[in-house]
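Dear colleague,

My findings on its side chains follow directly after it.

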Amino acid sequence: MPIIAPIPRNERRQMHKAVHKTADKNHARRLMAMLMLHRGESLTQVAKTLCAARSSVGRWINWFTLFGAEGLKSLPPGRQRKWPMEAMLRMLDLLVQRSPQDFGYLRSRWNTEILTIEINKLFNATLHPGSLRRWLPGAGIVWHRAAPTLHIRDPHKEEKLVATSAALEKNCADHPVFYEDEVDIDLNPKIGADWQKKGQQKRIPTPGQNQKHYLAGVLHAGTGRVDYVNGTSKDSGLLIRMLSQLRSTYRSAKTLTLIVDNHIIHKNKKMLK
């Protein structure tokens, strides 16, 4: 007498396909056990053929009787999630877009402990900072250096923007407009981070003692032409040489307008003269 109820033909076909396709060997063993029992083999024969205990085959029979073939699937490995991870990750994404100062902290940057405190408050949880730290890459949140920005607003910003727009509108051969900036050039290459053994710092050969060089360049707002001068110091003299070269290059121009940043060499006494 069969131990289990007869299995319909269509269901047996699906079980045979699952045995061949599944990567879970335990799932395949359970399905094969049910098919063997359907053919009339005894519980002892099935257990011996599949190298399983009789008690294990008995459990499989109970699962199959209660839930069908779906009840024979393996559960996900590890413990079940205790917290609503998806909701917490969405909240983390919103938190990092704000400053900790918006929540009453004196810090200007988030750390794992403060994020954990806020998440625990919002979800009434007891999440550990170490667990939250493992979740952060999944939310697309990485540990990067924050970029400094000027906190004091320029009271003349709007006035400068209007003047810049007016100069660009009048840009022509008689009144050319240029974007000007300076750059530092180091002889030795910049050495960034690298993976290395703990306690064994790598050595990177360099050409020798570092020497710095500086360039001052301008970009014509209309034609895109670039002109530049170089020097061994970044001071007003470098910018004055740049202006002299522009004056000799654009001799027919009535005015030369430069759009510059707030570097000190652009507004010292030497330049104002």
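The notes below concern salt bridges, an aromatic pair and a charged patch.

This is a predicted model, in which local features need pLDDT of at least 70 and side-chain atom pairs count only at pLDDT 80 or more, while totals for chains, interfaces and linings use all residues. Residues are numbered from 1 along each chain as its sequence is written, and side-chain values use heavy atoms, leaving out hydrogens and water.

Salt bridges (a side-chain nitrogen of Lys or Arg within 4 Å of a carboxyl oxygen of Asp or Glu) number 7. One of them joins Lys-212 to Asp-184 at 3.5 Å, N to O. Lys-212 belongs to strand E2 (residues 212–220) and Asp-184 to strand E1, so this pair ties together parts 28 residues apart in sequence. Strands are DSSP runs of E with at least two residues, and helices are runs of H or I with at least four, numbered from the N terminus. Asp-184 and Lys-212 also form a salt-bridge network with Lys-234.

There are 2 aromatic pairs, counted where ring centres of Phe, Tyr or Trp (its six-membered ring) lie within 6.5 Å; planes under 30 degrees apart are stacked, over 60 edge-to-face and the rest tilted. Among them, Phe-178 and Tyr-250 are edge-to-face, with 5.1 Å between centres and 65° between planes. Phe-178 is buried at 0% relative accessible area, as is Tyr-250 at 15% (buried means under 20%, exposed over 50%, partly exposed in between; 1.4 Å probe, protein chains only).

Finally, Lys-21 lies in helix H1 (residues 9–21) and is exposed at 70% relative accessibility.

With kind regards
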